[in-house]
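Have the sequence and the structure open as you read.

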Amino acid sequence: MKFYIVDKGFVRLTSIQLDGKRVTRMILGKGGMFGQLPFVPSLFRTDEDALANGPTCVLEFDFVSMEEALGDNTAAQRLLVELLGAQLQMLSRRLQWQQTNPLDKRIALVLYDLLCFGGRPCPHGPGYAVDIRVTHEELAEIIGAARPTVSAILSIFHQEQLISSTRAFICVRNLERLKHRLAY
């Protein structure tokens, strides 16, 4: 009965499907929580692994430690509720867009979320580099689509000069156009 908070870096939550294939279910950045929280539905499945991506610091808590730390500390209680609220809002938003939005908008939203986790100015040109490596396959797993379809949409994003990428990075060349794509 433990839960975890990402303090630095990124964590991929992965699980193994019945066919033995490991799939990425979610990527969490700073402030992301996973594990067995006592007051919410489980965000971590027993068949799931948390994999660090690059330099990462994850804080581990158990229920007893959490109760002791929170005690009468209203500031700590408020912070935990704010972190949890932000994560649940993100998960709710993701569930909504996975059910209702076209694939290009889903991909744009994942790219935007990844930039929020840790985008930095791109060293290769204008725009922002996504600090976490994500393959087309992992992106497809996250949004619930086939990899060839995701690759085709990313190709369109390249043609529109919205992104550039290699095997090692994805750069969002125009953040305003990415936000506009999310709005339509």
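## Glutamine 161

At 59% relative accessibility, glutamine 161 counts as exposed (buried means under 20% relative accessible area, exposed over 50%, partly exposed in between, with a 1.4 Å probe and protein chains only). Glutamine 161 sits in the loop between H5 and strand S7 (163-165); helices (H or I, at least four residues) and strands (E, at least two) are DSSP runs, numbered from the N terminus. Phi of glutamine 161 is near 55 degrees, which is positive in a residue other than glycine.

A quick word on where this comes from: it is a predicted model, local features need pLDDT of at least 70, side-chain atom pairs count only at pLDDT 80 or more, and totals for chains, interfaces and linings use all residues. Residues are numbered from 1 along each chain as its sequence is written, and side-chain values use heavy atoms, with hydrogens and water left out.

Histidine 158 belongs to helix H5. At 30% relative accessibility, histidine 158 counts as partly exposed. Leaving aside neighbours within four places in sequence, histidine 158 is in contact (heavy atoms within 4.5 Å) with Ile163, Ser164 and Ser165.

With serine 165, histidine 158 also has a side-chain to side-chain polar contact of 2.9 Å. A polar contact here is a pair of N or O atoms within 3.5 Å; within protein, one must be able to donate a hydrogen and the other to accept it, and residues adjacent in sequence count only if both atoms are side-chain atoms.

## The cores

In soluble globular proteins, nonpolar side chains tend to be buried together. Which residues have the most contacts inside the largest nonpolar core? They are Ile107 and Phe157, in a core of 26 residues. A nonpolar core is a set of buried Ala, Val, Leu, Ile, Met, Phe, Trp, Tyr and Cys residues joined through side-chain atoms within 4.5 Å. Two or more residues each come from helix H3 (103-118), helix H4 (136-143), helix H5 (147-159), strand S8 (170-172) and helix H6 (175-183). H3 gives the most, with seven residues.

Setting aside neighbours within four places in sequence, isoleucine 107 touches Leu139, Ile143, Val150, Ile153, Leu154 and Phe157. There is also a second, separate core of eight residues, which includes Val6, Leu13, Leu28 and Phe34.

## H4 against H5

H4 and H5 pack with their axes 8 Å apart, at an angle of about 110 degrees. Axes are lines fitted to C-alpha atoms, for helices over the stretch in contact, and angles run from 0 to 180 degrees between N-to-C directions. The two helices, H4 and H5, are therefore roughly perpendicular to each other (under 35 degrees is roughly parallel, over 145 roughly antiparallel, 65 to 115 roughly perpendicular and the rest oblique). From H4, the contact uses His136, Glu137, Leu139, Ala140 and Ile143, and from H5 it uses Arg147, Val150, Ser151 and Leu154.

H4 is mostly covered, with six of its eight residues buried. Those buried residues are Glu138, Leu139, Ala140, Glu141, Ile142 and Ile143. Just after H4, glycine 144 takes a positive phi of about 75 degrees.

Glutamate 138, in helix H4, counts as buried at 18% relative accessibility. What does its side chain pair with? A polar contact of 3.1 Å joins the side chains of glutamate 138 and arginine 12, and a polar atom of the glutamate 138 side chain lies 2.9 Å from the backbone nitrogen of threonine 135. Beyond four places in sequence, glutamate 138 is in contact with Arg12, Thr24 and Arg133.

Over in helix H3 is aspartate 104, which counts as buried at 17% relative accessibility. The aspartate 104 side chain makes a polar contact of 2.8 Å with the side chain of arginine 181.

## Glycine 127

Glycine 127 lies in the loop between strand S5 (120-121) and strand S6 (128-129). The C-alpha atoms of glycine 127 and cysteine 171 are separated by 6.6 Å, although these residues are 44 apart along the chain.
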